[in-house]
Amino acid sequence: MPGVPRARRPLGGAPEQHIAEPGLAVLDITGRDEDTVRAPPGQAGRRRMDILAWNPLAAALLTNFSQLTDKQRNYARLVFSDSEMRRRYANWEKVAPDCVAFLRMEAARHPDDPRLTELVGELSIKDPHFRQWWAAHNVAAQTTGVKTLRHPLVGELTLDWETLAVAADPDQQLVVWTAAPGTPSHDSLAFLASWATTHPPTTTDNAPGTTTQAGAPSPRPQ
């Protein structure tokens with residue numbers, strides 16, 4: 001996809017926090033142990049759906065990932081455990097079971113992964129929906145789709161997402177969110193991208209469960 005930054009392997013230490021690509025919301029995800037690899041910039045990873053890196057627009061769109069601990073920075077955990085993330089997804093009832101189906105598939109592939117087992121056990125205890133969907137034994141591996149979000153600043157957005165594999169590391173993926181040109185969602189995403197460049201998140205902004213960031217402007221007129 002033109003304009004998507006090429007993944008690069010960090011030398012070590014903490015994962016990078018930002019991807020220099022203001023026009024796209026991007027997450028970088030991996031399934032490898034943090035001791036084994038610290039991934040490049042992007043939204044979230046494979047196997048356990050850990051979020052390793054993100055660009056400013058991804059943070060503005062979803063949550064301030066820099067304020068979360070490494071353990072909290074997991075896409076499935078956020079979808080089921082963060083009340084604001086639940087409210088933000090207009091189609092949560094579709095997004096959430098898809099997460100479970102992906103984790104079920106990865107658990108079958110990697111039955112001896114202790115951190116994946118821990119994540120599944122935690123979510124099974126905390127959320128009855130997760131328990132129900134896990135018991136259904138559905139498996140899935142989507143690489144494209146559509147998600148609808150209700151954002152406190154720009155309102156409802158319908159976004160296309162695509163997972164891009166990293167050739168050098170099959171356990172690592174970039175998830176890219178875009179909106180069709182000429183649509184209200186495209187205009188809203190552009191507005192949010194512009195806002196994100198002038199309001200970089202801090203560790204006190206957009207705490208889990210909140211709906212606005214510090215210094216946020218009034219919601220964009222619809």
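## Charges over rings

Lys 147 lies over the face of Trp 161, 5.2 Å from the ring centre. Arg 104 has its charged end over the ring of Trp 134, at 4.0 Å from the centre. For a charge to count as sitting over a ring, NZ of Lys or CZ of Arg must be within 6 Å of the ring centre and within 35 degrees of the ring normal.

## About the model

This is a predicted model, where local features need pLDDT of at least 70, side-chain atom pairs count only at pLDDT 80 or more, and totals for chains, interfaces and linings use all residues. Residues are numbered from 1 along each chain as its sequence is written, and side-chain values use heavy atoms, leaving out hydrogens and water.

## Ring pairs

You'll find six aromatic pairs here. One of them joins Trp 54 and Phe 65, which are tilted: 5.3 Å centre to centre, with 50° between the planes. Trp 54 lies in strand E2 (residues 50–54) and Phe 65 in the loop between helix H1 (56–61) and helix H2 (75–81), so this pair ties together parts 11 residues apart in sequence. Trp 54 is buried, at 1% relative accessible area, and Phe 65 is buried at 1% too.

Then there are Phe 80 and Phe 130: their ring centres are 5.2 Å apart and their planes at 85°, so the pair is edge-to-face. Phe 80 is in helix H2 and Phe 130 in helix H6 (residues 128–135), 50 residues apart. Ring pairs also link Phe 80, Trp 92, Phe 130, Trp 133 and Trp 134 into a cluster.

## What the words mean

Rings of Phe, Tyr and Trp (its six-membered ring) pair if their centres lie within 6.5 Å; planes under 30 degrees apart are stacked, over 60 edge-to-face, and the rest tilted. Buried means under 20% relative accessible area, exposed over 50%, and partly exposed in between (1.4 Å probe, protein chains only). Helices (H or I, at least four residues) and strands (E, at least two) are DSSP runs numbered from the N terminus.
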